[in-house]
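Dear colleague,

I am passing on a structure that you have not worked with before. Please look through it first, and then read the notes that follow.

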Amino acid sequence: MTIHTKPVHLPTIDFSRFYGDVAERDGFIRELTRVLHDHGFFYLTGHGVPQSLIDDVIAVSKRFFALPEAEKLSIEMVKSPHFRGYNRAGYERTRGEQDWREQLDINTEGTVVEGGADTPWNRLHGPNQWPEALPELKPLLLRYQAEVTRIGIDVLKAIALSLGQPENAFADIYEPTPSQLLKIIRYPGREAAGSDQGVGAHKDGGFVTVLLQDTTPGLRIRTEEGVWIEAPPVPGTFIINSGELLELATNGFVRADVHDVVTPPAGVERFSVAFFLGARYDATIPVIPLPEELKRGERGVTVDPLNPIFREVGINHLKSRLRSHPDVAERHHSDLLHLLDKPAKA
């Protein structure tokens, strides 16, 4: 008889406990330590984001995707050397295969920074593209981006404490300006997609992801044992997952689980909003000296020859964008395609 020692569903964590009294906070931190080691994925309640803002962001996302194609293509990502803008379904790839979702990518609002031979990732800095036909989109998404950045940084502080570190242990590698990649996403029904791959199996590349799901399921997480867990939408929650930067920093104690999204059935759409909190592009990820009782749980960093991980944050992020968006890479960064063959360092 097989005995399952881990749950077949994702845990739920009430983040308001992090702001509670000492006993409440200590219990929260112990629970978070277990979850990070076992899953790296969990539902988050008690996050403090107004439901009205969440509702408005979902509604404006749907209005954006309902725009005429010409309006959306006016801000197509291939026009931006900074990988900002709209992608039609099939124009992003995971492990070389087409992802059947359309999306709008924004990041930290900024100005153009020249990327030299030693700092090619500086090319990622720049302005976002916004649709003229939907002027309310920009203020809403920037307000939401600020809210989920707050959540991401507070979760990162809690994670630091759960690893036996000071709560600002990661601040030196994300301050003063972390990467704030935000995607609004629409997955068309299977009759339009022609594929089950909404987005292919992958790990997220940043510190933490804050995912808002609308009402249609599709997200799945693969456990260490190779079992796929479904993560359906739960009203009032975000899904939080840890990324490769935390796996690197903890030598594999924190999981960066593989996950994917299955295309919805024919006649059904799926909407979500994903936020990826990352480090500064000029930072390098150290290995944190964990307490002995946690160090015994280190599993090492996952080695994937098709998608190596780098400790240099800028190279790691730039490599990911070049690989995911070959049309942008060819048009604006053909001189950087050699980075896709760069071997990772331990």
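**Notes on the strands, a helix, the spaces and the backbone**

Strand β10 (residues 219-222) and strand β13 (residues 259-262) run antiparallel and are joined by 3 bridges, where two strands are said to pair if DSSP finds at least two bridges between them, and L219 stands opposite V261 in β13. Before going further, please note that this is a predicted model, in which local features need pLDDT of at least 70 and side-chain atom pairs count only at pLDDT 80 or more, while totals for chains, interfaces and linings use all residues. Residues are numbered from 1 along each chain as its sequence is written, and side-chain values use heavy atoms, with hydrogens and water left out. The helices (H or I, at least four residues) and strands (E, at least two) are DSSP runs, numbered from the N terminus.

Both of these strands belong to an open sheet of 4 strands in the order β8-β13-β10-β11, with antiparallel pairing. β8 (197-202) and β11 (228-230) stand at the edges and have a single partner strand each, so one side of each is left without a neighbour in the sheet.

Strand β14 (residues 270-278) has 9 of its 9 residues buried, so it is largely enclosed by the rest of the structure; buried means under 20% relative accessible area, exposed over 50%, and partly exposed in between (1.4 Å probe, protein chains only). R270, S272, A274, F276 and G278 point one way from β14, whereas F271, V273, F275 and L277 point the other way. In a regular strand the side chains alternate between the two faces of the sheet. Strand β7 (residues 179-187) pairs with β14 in the antiparallel sense over 9 bridges, with S179 opposite G278. Strand β9 (residues 208-213) also runs antiparallel to β14, to which 6 bridges join it, and here V210 stands opposite F275.

Turning to a helix, α2 (residues 51-65) has the buried residues L53, I54, V57, I58, V60, S61, F64 and F65. They cover an arc of only 170 degrees around the axis, which puts them on the same side of α2, the arc being that of the directions from the helix axis to the C-beta atoms.

As for the spaces, a 1 Å grid over the protein atoms alone was used, on which a cavity is a set of points where a 1.4 Å probe fits but cannot get out, and a pocket is an open set with protein on both sides within 12 Å along at least five of seven lines; lining residues have an atom within 4 Å of a point. The largest pocket is lined by 49 residues, of which H202, K203, D204, G205 and S320 lie nearest its centre, and helix α8 (residues 313-324) gives the most to this lining, with 8 residues. The residues that line the largest cavity are H82, F83, R84, N107, L124, L181, Y281, H317 and R321.

One of these cavity-lining residues, F83, is found in the loop between α3 (69-73) and β3 (85-87). F83 has a phi near 60 degrees, a positive value in a residue other than glycine, and F83 is buried, with a relative accessible area of 1%. N251, in the loop between α6 (244-249) and β13, likewise has a positive phi, of about 50 degrees, although N251 is not a glycine; at 27% relative accessibility, N251 counts as partly exposed.

With best wishes
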